[in-house]
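I opened this model to look up ring contacts and helix packing. My entries follow below the view.

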Amino acid sequence: GEILRIPPWLLDVDDYALLLGATEHSQLPIIERMLKLTAIFAENSEDALKYKNHLIAKAIMMILYTNQTPMSKRNDIFSILSTCATPQFNLEAPVQGIGYTRKFRECFIVDKQGDFVESILVTEYISGFINEDLDKYEARTVNKFTLVDLERALNFTLISEGLLRNDKSYGDAITLKVRLHALVIGENAKFLDYPNYITEENYIATLVGKNGRKAQIINFNLEDVDDSFAKVVTKIYTKMLFHFTKNLKQRAAIPFHIFLEEAHRYVQNDTDKYLIGYNIFERVAKEGRKYGLIFNLISQRPVEISETVISQCTNFMIFKMNHPRDLEYIKKMLPNVSEEVVEKQKSLQPGTCVAFGKAFKVPMIIH
């Protein structure tokens with residue numbers, strides 16, 4: 001076995017919303033901005049550099065015009081440079097005056113009157129990089145980035161847009177900041193550490209192939225991962241496969257069959273629908289078949305599984321169950337199950353199940 005690694009650049013706003021445990025719609029634009037900036041910061045082009053300088057300059061100007069103390073302004077400006085520096089914007093960058101040169105950091109020494117000594121010089125220098133035409137700039141290419149790059153972009157977003165100074169956005173913003181930092185320094189960071197750039201298609205190919213040979217069965221072992229992270233990982237892979245199969249030129253040309261053991265860990269009545277508008281398991285259960293993406297759920301606690309997903313299942317194999325709530329649930333969820341089948345089910349031997357659904361003409365007992 002080898003450790004599971006997911007390339008962070010293959011995940012979108014929805015994936016990060018789940019990964020960072022977002023709960024409010026107001027957090028989605030922050031995540032979107034973080035991803036946009038991460039993509040641009042990962043680019044090495046001349047245009048990307050101009051955009052970075054434009055962004056940093058705008059952010060610093062905004063801070064200069066707030067009503068904070070000079071010390072507090074200076075701290076914010078230096079925080080921005082620690083998250084995103086360029087040759088033109090860093091603490092040692094030369095700022096040219098008439099007949100003399102200052103280092104960028106020296107412009108922010110506070111004089112006796114409580115002002116920055118070089119406020120006019122530094123304001124002119126900064127505003128020279130602002131170009132409103134650049135506001136719509138988007139990354140031209142997709143590049144490799146890491147969780148640390150994401151954290152830098154998030155910190156830049158929070159400082160530059162004043163989200164931590166605004167009472168209304170503070171709670172949402174700080175939650176994302178704390179959760180992302182916990183992810184970066186925590187046990188699970190290794191699962192999002194991918195060594196080199198790869199496309200979604202090639203990444204899926206690496207999952208199903210080994211040493212040039214194609215594998216029919218791939219086992220993802222998530223036993224040692226905590227439940228909330230395991231659930232998100234399962235959603236990420238399910239969504240990736242759904243996206244991949246949906247975009248194949250020839251429908252269902254490459255089928256996938258996802259088996260979820262201990263399915264009650266993953267397929268739950270979540271808040272995804274409220275937050276991002278859908279639950280990926282429900283979407284696949286409803287639409288996956290036509291693209292060749294099939295679900296198989298295995299669980300000892302059907303009561304805890306999303307009802308929408310169960311209602312989309314066409315075949316059932318039910319082993320011995322004693323819990324009255326589970327029995328009641330099976331009766332309620334499956335209108336075609338007869339009293340007789342439920343009775344039989346109580347006295348099943350180990351390794352024997354009652355099977356019914358579209359694949360079976362009549363309910364059968366199978367060993």
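**Entry 1: a charge and a ring.** I began with Arg283, whose charged end sits over the ring of Tyr278, 4.1 Å from its centre. The rule I used: NZ of Lys or CZ of Arg within 6 Å of the ring centre and within 35 degrees of the ring normal.

**Entry 2: ground rules.** The model is predicted, so I note that local features need pLDDT of at least 70, side-chain atom pairs count only at pLDDT 80 or more, and totals for chains, interfaces and linings use all residues. Residues are numbered from 1 along each chain as its sequence is written, and side-chain values use heavy atoms, with hydrogens and water left out.

**Entry 3: aromatic pairs.** Rings of Phe, Tyr and Trp (its six-membered ring) pair if their centres lie within 6.5 Å; planes under 30 degrees apart count as stacked, over 60 as edge-to-face and the rest as tilted. I get 21 aromatic pairs by this rule. Tyr203 and Tyr237 are stacked, at 6.5 Å centre to centre and 15 degrees between the planes. This pair links distant parts of the chain: Tyr203 is in helix 8 (residues 200–208) and Tyr237 in helix 9 (residues 227–246), 34 residues apart. Helices (H or I, at least four residues) and strands (E, at least two) are DSSP runs, numbered from the N terminus.

Are these two tyrosines buried or exposed? Tyr203 is buried at 1% relative accessibility, and Tyr237 is buried at 8%. Buried means under 20% relative accessible area, exposed over 50%, partly exposed in between (1.4 Å probe, protein chains only).

**Entry 4: helix 2 and helix 6.** I then checked how helix 2 (residues 28–41) packs on helix 6 (residues 147–160): the angle is about 120 degrees, with the axes 8 Å apart. Axes are lines fitted to C-alpha atoms, for helices over the stretch in contact, and angles run from 0 to 180 degrees between N-to-C directions. The two helices are therefore oblique to each other. Angles under 35 degrees count as roughly parallel, over 145 as roughly antiparallel, 65 to 115 as roughly perpendicular and the rest as oblique.

**Entry 5: helix 6 and helix 7.** The axes of helix 6 and helix 7 (residues 167–185) come within 10 Å and cross at roughly 160 degrees. I therefore logged helix 6 and helix 7 as roughly antiparallel.
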